Amino acid sequence: MLEENKVNHYLDFFDLAPEELMSLFSLAKERVLKEGDVYVKEGSTTGKLAYIKSGLIRCFLLKENGEETTVLLRWEDQFFTAYDTVLFNQASRFTYQAMEHTVLLEADYQVFMDFLNKNSKFSKAKDYFLISMLAEMMERVESFVLLNPEERYLRLLKDKPNIVQRCPDKYIATLLGITPVSLSRIRKRLANSSVAVPQKMK
């Protein structure tokens, strides 16, 4: 289900025995998405927790004028879920779509959390998923308060250097809260400075 090094990482991180970790992952099933497939549609109330084995997921908001605003990008070795549904029991305001061929491990969020609640050995895992979701939302808000667009761009590249080869500029720009033209200017400014940044694939 997972590569050996990933299994060992989660064994150590969650402080679990191999059979305990396997019981946790037994709740998940593999799902394959083609590029462009919608995983969670706006208005959906289905709560899923997903781990990305490979691929790229974009979460976006469709505005009344038809424009899309990218809210999140998630890639390999990351978990994600429809936050509106699992945290607030509301229909999702966002659409989650595969940007490329993507392989997920998915589980029903409530079934997953009920399983964790029944065994104290999984308390660290439960805390991890809940705190991670809240931390991601706070990091998103704080980045717009504390960082300028160029700093947000550099942070994105630090987190995932090859994202510029995998995601169109228009989506990266809206994620940063700027226009594609402004993103191009930032790239040119960085290219003329001493800061080394990945180049977009031609």
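A: Let's begin with the words for how two elements are set against each other: angles under 35 degrees count as roughly parallel, over 145 as roughly antiparallel, 65 to 115 as roughly perpendicular and the rest as oblique. The axes behind such angles are lines fitted to C-alpha atoms, for helices over the stretch in contact, and the angles run from 0 to 180 degrees between N-to-C directions. Helices (H or I, at least four residues) and strands (E, at least two) are DSSP runs, numbered from the N terminus.

A word on the source comes next. This is a predicted model, in which local features need pLDDT of at least 70 and side-chain atom pairs count only at pLDDT 80 or more, while totals for chains, interfaces and linings use all residues. Residues are numbered from 1 along each chain as its sequence is written, and side-chain values use heavy atoms, with hydrogens and water left out.

Our part is helix H6, which spans residues 149-159. Within H6, Arg152, Tyr153, Leu156 and Leu157 are buried, where buried means under 20% relative accessible area, exposed over 50% and partly exposed in between (1.4 Å probe, protein chains only). These four residues cover an arc of only 135° around the axis, which puts them on the same side of H6. The arc is that of the directions from the helix axis to the C-beta atoms. An α-helix has 3.6 residues a turn, so residues three or four places apart point the same way.

What lies over that buried side? The cover includes strand E5 (68-75) and the helices H5 (123-146), H7 (163-166), H8 (169-176) and H9 (180-191). At its N-terminal end, H6 is capped by Asn148, which has a side-chain oxygen 3.1 Å from the backbone nitrogen of Glu150.

From H6, Pro149, Glu150, Tyr153 and Leu154 make the contact, and from H9, Leu183, Ile186, Arg187, Arg189 and Leu190 do; contact means heavy atoms within 4.5 Å. By class, these residues divide into 6 nonpolar, no polar and 3 charged. Here Ala, Val, Leu, Ile, Met, Phe, Trp, Tyr, Cys and Pro count as nonpolar, Asp, Glu, Lys and Arg as charged, and the others, Gly among them, as polar.

Ser182 is also found in H9, and its relative accessibility of 26% makes it partly exposed. The C-alpha atoms of Ser182 and Pro149 are separated by 8.9 Å, although the two residues are 33 places apart along the chain.

From strand E5, also part of the cover of H6, let's pick out Thr70. Thr70 has a relative accessible area of 0%, so it is buried. Its side chain and that of Arg58 are joined by a polar contact of 3.0 Å. A polar contact is a pair of N or O atoms within 3.5 Å; within protein, one must be able to donate a hydrogen and the other to accept it, and residues adjacent in sequence count only if both atoms are side-chain atoms. Leaving aside neighbours within four places in sequence, the residues in contact with Thr70 include Arg140, Tyr171, Thr174 and Leu175.

Helix H5, another part of the cover, has a partner of its own in helix H4 (residues 109-117). The axes of H4 and H5 come within 9 Å and cross at roughly 135°, so these two helices are oblique to each other. Tyr109, Phe112, Met113, Leu116 and Asn117 of H4 meet Ala125, Lys126, Phe129, Leu130 and Met133 of H5. This contact has 8 nonpolar, 1 polar and 1 charged residues.

Thr102 lies in E8 and is buried, at 0% relative accessibility. A polar atom of the Thr102 side chain lies 3.2 Å from the backbone nitrogen of Leu56. The Glu106 side chain makes a polar contact of 2.6 Å with the side chain of Tyr39.
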